[in-house]
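Work through the exercises below with the sequence and the coordinates open. Each task is followed by a solution in steps.

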Amino acid sequence: YEHAVILPDPTEEPVSPNNALALMNKNMDVLERAIKEAAQKGARIIVTPEDGIYGWRFTRESIYPYLEDIPDPVVDWIPCTDPSRFGPAPVQERLSCMARNNSIYVAANIGDKKPCNSSDPKCPSDGRYQYNTDVVFDPQGKLVARYHKYNLFAERQFNYPKEPEVVTFETPFGKFGIFTCFDILFYEPAVILVSKMQVDTVLFPTAWMNVLPFLTAVEFHSAWAMGMRVNVLAANTQNTSMEMTGSGIYAPAGARTYSYNMKTEDGHLLIAELDAHPRLSPASPPAVSWNSYALSVERFSQNDHEFTGIIFEDPFTFTELTKPGGNLTVCQKELCCHLSYKMAEKRDDEVYVLGAFDDLHVVEGQYYLQICTLLKCPSTNLSTCGQPVEIAQTKFEMFSLSGTFGTSYVFPEVLYSGVQLAPGEFEVLSDGRLRSRAPTSKPVLSVTLFGRWYEKD
């Protein structure tokens, strides 16, 4: 469920616990209606967004009235029937009752508080840890999972956990894992959860601010599901002023359903059926050797001039697609990107480039990327290439993109005009080629292989 969160008034001073609970109940009223509707339509599990119960306008002090003490799930606790066992827990009680009353698993994001003292050298001066926390309640209302977000995104109200947590739980319909928002860009816990813990499905509460051309919620979360060969249930907050939207139910073969809405401020329930064990499914795509094709071919022709363009402050090496079709290569450091393509029509008013980036990304966190991308420039002025663009006119008869990746973690993205996904219209071959299955049904914004070189971080 994508939720347009009712936000508190911005204040540096803490509100009373009653006022905090009143605001959270307003949001939980909305979530409860969505949970009820999902259950009535046969859903077995529902994910709600990060910050979905109280928003994000907080200091460390002002968020305190919204926090509860969330115990380790080993305590075998149903807050709906035993609400005061661990002190006041009205939010956990209500979430537990939503799950119990509707016989559905409910995943939600709330805040945890844990007291500490001077015997702990890392204990904050106010004597408590505060964590951005996901909880999951089973259809009896029992707390079955608690996850403390490890990769914070400028969240001064919360502490980092001392160690990354790998949280899983079993259901009659597969093994689930959970992490939050910014976590998806890092090795811990996201990759460990999938590759070592072998979960079938990832629950992903998020408050994702869209960044074209590669980090729009629907394209990246869908690509991550494909690259990791796992189901992802991504629930985003909805706030157009902060570019937040984009939720979806993603399978290894592509999106089953998704929503991207920058026009109105309202919630949206998404329901789809997934294979409980996607790796065992006949529809599961093959394991991919991401560089085998690109390493096996000679470099394609290069244009006379390459130039540098900036995407999200990263300097890409670009070359222009000057002809209506052909083969191109562009390289940066160890990465060479090969493209074969044919446009349905070469337009004079639209410019496309092939780009490569192989380096350390240093904005909002530091991590190594290897990226091959075919993308539309906002104008015919080449200096604009790499800047966000949402509308295109050019369709492609075919495209095939590959790269000499040094990492085995590569996420395939295809984004159409109007920020639309293209499920079923492209495929990834076992030799690492991302290619169209047929002429594109809509004009193309970008075709990208987004590589994360975790080993170099």
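A polar contact is a pair of N or O atoms within 3.5 Å; within protein, one must be able to donate a hydrogen and the other to accept it, and residues adjacent in sequence count only if both atoms are side-chain atoms. The model is predicted: local features need pLDDT of at least 70, side-chain atom pairs count only at pLDDT 80 or more, and totals for chains, interfaces and linings use all residues. Residues are numbered from 1 along each chain as its sequence is written, and side-chain values use heavy atoms, with hydrogens and water left out.

**Exercise 1. Describe the surroundings of Glu50.**

Step 1. Locate the residue: Glu50 lies in the loop between β1 and α2. Helices (H or I, at least four residues) and strands (E, at least two) are DSSP runs, numbered from the N terminus.

Step 2. Classify its exposure. Buried means under 20% relative accessible area, exposed over 50%, partly exposed in between (1.4 Å probe, protein chains only). With a relative accessible area of 2%, Glu50 is therefore buried.

Step 3. List the polar contacts of the side chain. It pairs with the side chain of Lys149 at 2.9 Å and with that of Asn132 at 2.8 Å. The Glu50 side chain also reaches the backbone nitrogen of Ala207 at 3.0 Å.

Step 4. Leaving aside neighbours within four places in sequence, the residues in contact with Glu50 include Asn109, Glu155, Thr180, Cys181 and Thr237.

**Exercise 2. Which residues does the UniProt annotation "active site" cover, and where do they lie relative to one another?**

Step 1. The annotation, from an unreviewed entry, covers Glu50, Lys149 and Cys181. UniProt positions are given in the numbering used here, feature names are shortened, and annotations may be inferred rather than shown by experiment.

Step 2. These residues span 132 residues in sequence, yet no two of their C-alpha atoms are more than 10.3 Å apart, so they gather at one spot.

Step 3. Take Cys181, in the loop between β6 (174-178) and α3 (187-195). Its relative accessibility is 7%, so Cys181 counts as buried. Not counting residues up to four places away in sequence, Cys181 touches both Glu50 and Lys149, along with Phe204, Pro205, Thr206, Ala207 and Trp208.

**Exercise 3. Check the length of helix α1 and find what its buried residues pack against.**

Step 1. The expected span of a helix is 1.5 Å times one less than its number of residues.

Step 2. Among the buried residues of α1 are Leu23, Met24, Asn27, Leu31 and Ile35. The buried residues of α1 pack against β1 (45-47), α2 (90-102) and β2 (105-115).

Step 3. Just after α1, Gly42 has a positive phi of about 95°.

**Exercise 4. Describe the pairing of β5 with β6.**

Step 1. Two strands pair if DSSP finds at least two bridges between them. Here four bridges join β5 to β6, and the strands run antiparallel.

Step 2. The two strands form a hairpin with two residues between them.

Step 3. Phe169, whose bridge partner in β6 is Phe176, belongs with Thr171 to the covered face of β5 (residues 168-171), while Thr168 and Glu170 make up the uncovered one.

Technical notes
Contact = heavy atoms within 4.5 Å.
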